[in-house]
Amino acid sequence: MTSDLAIDAREVVRVYGATTALAGADFSVRRGEIHGLLGENGAGKSTLVRILSGIEARDRGEVRILGTDLPRHTSPRDVMDAGAAFIHQDLGLVEDMSVAENIALGTTYVTTRRPISYAQVRRQAEDALRELGVENPDVDVMVGRLPLASRTLVAIARALAGRARVLVLDEPTAAMQGGEVDTLFRHLRALADAGVACVLISHRMDEIMRLCDRVTVFRNGADVGTREMGRTDRAELVSLIIGTPEAGAPVPETVAVDTGSAEPVLTLRGLSGDGVGPIDLDVRPGEVTVITGLADSGHLAVPSLVLGLEPIAEGRMTLSGRPFAPRGISDCRAAGIGYVPPDRLTDGVATGLTIMENLYLNPARPWWKPASIARARRQCAEDLKRFRVHPPEPMRPIATLSGGNQQKVLLGRALVDDPRVFICCEPTAGIDVGAKRQIHGLLRSVCRSTGMAVVLVTSDFEEAADVGDRAYVLNRGRLVAQLSKHELSTAAVTAKSFG
Ligand SMILES: Nc1ncnc2c1ncn2[C@@H]1O[C@H](COP(=O)(O)OP(=O)(O)OP(=O)(O)O)[C@@H](O)[C@H]1O
Ligand SMILES: [Mg+2]
């Protein structure tokens, strides 16, 4: 039987032990449309993607892709043959292989029996990346050495090189910057115009609203609504996602502790590195200091300089008034600086370990005393609630948490040590709209109540304005503005970034 639908999934059920990840979800996508999939962290989006892709079997329900009925235990190969390609939340690339080899994994290796010529593999990879707007692709570099946005493009190039007619992307933009997102979206639109059905999962509402033709919202493992994009708005979508009307209240103010002199705890003077600087910047205790800018503004390079991950060309820093020149993360940790990197989901999770082990994964932390394991567990459960991890079960393997909840564990990891300075990059990438607000509240309250200095490095201007007490805006590697609390607004940050 033929079907007009690219994806037609009905009443899909998937249960993991005590967790019902999918409770009878319907999901259908038309040929040639871009279809958004929204829902809270843990709503079941990635589970559906894994079932559609044949990585996992469903317990019940029907799945048809481009008219092909797929049995309950189908294989990724059968799904690929039916014409669908998938970009998973963790990308699924082989880090020790080159870009060219990774792209070939999606195509040549499985479609030809002739010996493979590396020159051909390279050419194919270069073509696929050029098609995605990458100007001078270096296809010989190991994937593990690439920044996350580039890795995402490699994964997409691999899917496209397979000539798919259905493309499903699970949070491809979570760690991307504005310009990279635009490039990706231009390509998705062109693919859709050529008849390819695209599914886009994202927690960034503005992206979904900008790009998608239709959108479906999942809650607690089931679909709760599908809308034409022109006939809905943000407020309706948010209330479908969280199940109640959106509370429009701003992040609550917490009473500030007296940070005494409010002398800066960390200072940067004339700091410059490859393509960034010179930067003068003060980080004060009890405040959220924002570093922001557009995609290529260089704002993400600042923490790399501060932590000693990239070489400093000129300038100096002080920490608590003394000269400071760390040579990497462990120096910083010893000096009381916590760090959350931007591309943590593919880098930071120790997949074989429990949530508790991941949360307290710090060799320098002497928490592991056999007599106090029960206490450590109780403490951990509390910490998990504080960081909004769901479910807050210390002994669960971290791999069984949804992507967004893994992100929250990694954010928590840097906070449990009570750092004096907490540098976090894109803390709410991959976090749903409801939890995002809670994380903002958490950042504000830890810094107000403990006097911790929070450095928030973000390309989300709304986040910068909502959470920051002071913002430094970069443009083409240079510091172009410093906005104090009363000057700080989304509009002001946007204006300075483009200025
Ligand atoms: N292997 C597993 N074992 C046990 N529970 C699991 C497993 N995989 C997923 N789950 C649970 O299934 C539920 C749905 O998870 P899923 O990853 O599909 O959420 P999601 O909608 O993709 O969320 P996010 O936006 O955070 O990525 C979660 O409660 C998760 O903890
Ligand atoms: Mg997910």
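The shell around ligand 1 divides into four nonpolar, 12 polar and five charged residues, where Asp, Glu, Lys and Arg count as charged, Ala, Val, Leu, Ile, Met, Phe, Trp, Tyr, Cys and Pro as nonpolar, and the others, Gly among them, as polar. The model is predicted, so local features need pLDDT of at least 70 and side-chain atom pairs count only at pLDDT 80 or more, whereas totals for chains, interfaces and linings use all residues. Residues are numbered from 1 along each chain as its sequence is written, chains are lettered from A and ligands numbered from 1 in the order in which they are written, and side-chain values use heavy atoms, with hydrogens and water left out.

In total, 21 residues surround ligand 1, each with a heavy atom within 4 Å of it; the closest are Gly42, Thr47, Thr400, Ser402 and Gly404. Polar contacts are pairs of N or O atoms within 3.5 Å; within protein, one atom must be able to donate a hydrogen and the other to accept it, and residues adjacent in sequence count only if both atoms are side-chain atoms. Oxygen atoms of ligand 1 lie 2.9 Å from a polar side-chain atom of Asn41, 2.8 Å from one of His203 and 2.7 Å from a polar backbone atom of Gly404. The protein covers 89% of the 650 Å² of accessible area that ligand 1 has on its own (Shrake-Rupley method, 1.4 Å probe).

Helix H1 (45-52) gives the largest share of the shell, four residues; helices here are DSSP runs of H or I with at least four residues, and strands are runs of E with at least two, numbered from the N terminus. Because domain 1 (5-242) and domain 2 (266-498) both give residues to the shell, ligand 1 lies between them; the domain bounds come from an automatic or database assignment.
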